[in-house]
Amino acid sequence: MKAEADKCVKGVKSVRAAGVSLLAMGLAAGLAGCAPSTSSGGGGQDDKSGTVRVWLFREVGNEPKEKVVDKVADRFEKQHDGVEVDVQYIPIDSRAEKIKGAFNDPDSAPDVIEYGNTDTAGYVADGGLADISDEFGSWDAARDLDPTAKKSVTVEGKQYGLPLFVGVRALYYRTDVFDELNLEPPRTLDGLAAAAKKIRAAHKDMYGIAVGGAYTYGAMPFIWAHGGELAREKGGSFTSALDAAPAKKGIKAYTSLFGDDNCPAGKCAKMGGNETVEAFAGGKAGMAIGGDFNRQAMENGKVQGKYGVVPLPGVEKGAIAPAFAGGNNIGVLKSTDHRTLAVQLAEQLAGKRTQEQLFEAMGFLPTFSDTRRKVAAREPFVKPFVRTLDAGTEFVPASPAWGTIDSSLILPEMFQRVVSGKDDVDGAAAGAAEKMDEAFAE
Amino acid sequence: MSVATDGAKSRPRRTPGPAHAGGPPGPRPARSGGRGPTGGARRGGWTPWLYLAPALVVLAGLLVYPVYQLGLISFLDYTQAQVSGGEPTSFRGFGNYAELLSDPQFWNVLLATVVFAAACVLGTMTVGCALAVLLTRVRALPRLLLMLAALGAWATPAITGSTVWVFLFDPDFGPVNRVLGLGDFAWTYGRLSAFALVFFEVVWCSFPLVMVTTYAGIRAVPTEVVEAATLDGASVWRTWRSVLAPLLRPILIVVTIQSIIWDFKVFTQIYVMTGGGGIAKQNLVLNVYAYQKAFASSQYSLGSAIGVVMLLILLSVTLLYLKLLRRNGEEI
């Protein structure tokens, strides 16, 4: 009996030791991962063969885009022996996570990515994009790029990508409603507000112009049209200019469009750009601020054949409100192992020929002034958008803080505070300016 | 008062009833029962740890390590730039916490979260317990229907539930406004009405747990106790307050704590129903706020600091609650 008990104790002891060492191992594993992970960066190599991986955005109705890109990839593979191009399409909704993931894990990251041009400064600060200023400088096509497009790939004088297409917004209006009410397409922002009220008065079930409290890119032209700015740069550092008088005039002009006489705050305060476009496409609005890229939504909606587009007017008659020059760029990742190949491929993807084909396939406006003029001559729909672009466009502050400002919804919050009556223009603008400055300071 | 004393007296005698239904076994059988773990005491303090080791290792990996990382990151300057290697990671000490605590928005959000969570816990407990009592008093068919309805609500994913609720209350197409004759009243426009809408959804999706658990507890209460109360002429409310609630206390404590934790951490409902925090961020709660800081703006360290603050608040609320109960002579 006793011997057995002893054995048992011994057994327990050895098991106990194993348990303790197990615990210790767990602890050691815990301690080994002491600091949170930081990507080592990777890259540095410049292989002249192998697979070049590309991530592009998956658009609604992506097939025509794939065809254009496949042609570019085939051509590129023929030009370079032993090189394969692997193109993947990533969903636009989760692109931020995907691209952040690519920066964090160079091993599974692509070499070339498409990215939204408002993200440029943020991605550069994250250390994700490669500086390709030298190649950009020696790229023949670069001199035909329009200045805003070049600005959208430039951070502190260096280029971090090639503009792929530009997206710009203009004023969609209902031709049938305007005819019925004897209205002319508005020539000034005041005229726009007056026309909106007339439409709403005649059609209670319609918004005069669909506006959204969260539609930042639809609201910005009002600020710029009144001579305001989002931020001012001085010696590389930015300060918000939202609380300056001209910007506040613009904020006032935009927020005064909310109300029962045009777009009731209860419904419109929370709307973003897509909702306003949907409202117009669904026949629920007399006007809306939409992009050249929204054409398909209109064609698929109830308003097919019943709408026209003019540039969004400015304050003075004949002026055009400066639009936000959105769009996407093609960039090369810092972590790439095929730098030369990646840049060459990027140049072909964002080249004039591809841009022209992408316009035909997807309606993406080229970033080269000459290519854009050429396609505009063939396609009357894009004329008001090209006119808007030619009149001069604006861009968001080229600061890494813009990503934070954008994602912390500082501007929507400002508009919504005014629209919902929580604050007046002065107070809301001052609050937003303060938050922007905090973000810039970081 | 006779009802109450009866109930209280019968409890120690019949501990296995409610105790087996949900909570861990009552203290009494463990202390006096002959089958207690006396062997462990003789072999010294290490043996229990040995048996616990596998569970502890798993727990350490799944719970302690993430919390440790959360705490660590909250002391660093850690944004996307640090993660992808654009800038070196640096130690900030309590910088993130100072930034957080000096942000008036944080206090606003904290207050809203506490009030909203309290309302949700109260609502969930009231509805859950009331329906549990109702379940014991209806026939088989309505009971089955009520159970199915509750299980349906329980099984609905939060995103789906929230989307459907938003649609039900839609100013243009929603049936609720039509039935109530509210015209095109926009529920998500006002701060209170938006919170109310989310409150309804949260109660709707979390009452089934309370109901089912409490119902199971009630079924385990010896029928003669309830019968005695009924014979004494106690009303339904009186029976609940003086007989069932005291008997079910361990169960109610557990579901309350669980509700507090859930409702304090509510995310999906607010995020989906108010469009990420409501008009001008009027409906932000702590979890959505943390998400905005941590993921939308990639300020992982600040987001972690919010997480740590939430953890501390929840821990202290739970501990305080347990301590108060213990002072009242309850143990769970």
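This is a predicted model: local features need pLDDT of at least 70, side-chain atom pairs count only at pLDDT 80 or more; totals for chains, interfaces and linings use all residues.

**Stop two: B:Gln269.** Go to helix α16 of chain B, residues 268-273, where you'll find B:Gln269. Is B:Gln269 buried or exposed? With a relative accessible area of 8%, B:Gln269 is buried, because anything under 20% counts that way. Now show the side chain of B:Glu201: a polar contact of 3.2 Å joins it to the side chain of B:Gln269. Leaving out residues up to four places away in sequence, B:Gln269 also touches several others, including B:Ala158, B:Ser162, B:Val198 and B:Cys205.

**Stop three: salt bridges in chain A.** Over all chains, the structure holds 23 salt bridges. As background, side chains of opposite charge can pair when their charged atoms come close.

Start with A:Arg58 and A:Glu66, whose closest N and O atoms are 3.9 Å apart in a salt bridge. A:Arg58 is partly exposed at 40% relative accessible area, and A:Glu66 is partly exposed too, at 25%.

Next, select A:Lys65 and A:Glu114, a salt bridge with its closest N and O atoms 2.9 Å apart. A:Lys65 lies in helix α2 (residues 63-79) and A:Glu114 in strand β3 (residues 112-116), so the pair ties together parts of chain A that are 49 residues apart in sequence. Both A:Lys65 and A:Glu114 are buried.

**Stop four: across the chains.** Which side chain does A:Lys267 meet in a salt bridge? The partner is B:Asp184, at 3.4 Å from N to O. This pair crosses between chains: A:Lys267 is in helix α11 (residues 265-268) of chain A, while B:Asp184 is in the loop between α11 (175-180) and α12 (191-220) of chain B. A:Lys267 counts as buried at 13% relative accessibility, whereas B:Asp184, at 47%, counts as partly exposed.

**Last stop: a network.** Back in chain A, select A:Glu356, A:Glu360, A:Lys374 and A:Arg378 together, and you'll have a network of linked salt bridges on screen.

How values were computed
Residues are numbered from 1 along each chain as its sequence is written. Chains are lettered from A and ligands numbered from 1 in the order in which they are written. Side-chain values use heavy atoms; hydrogens and water are left out. Helices (H or I, at least four residues) and strands (E, at least two) are DSSP runs, numbered from the N terminus. Buried means under 20% relative accessible area, exposed over 50%, partly exposed in between (1.4 Å probe, protein chains only). A polar contact is a pair of N or O atoms within 3.5 Å; within protein, one must be able to donate a hydrogen and the other to accept it, and residues adjacent in sequence count only if both atoms are side-chain atoms. Contact means heavy atoms within 4.5 Å. A salt bridge is a side-chain nitrogen of Lys or Arg within 4 Å of a carboxyl oxygen of Asp or Glu.
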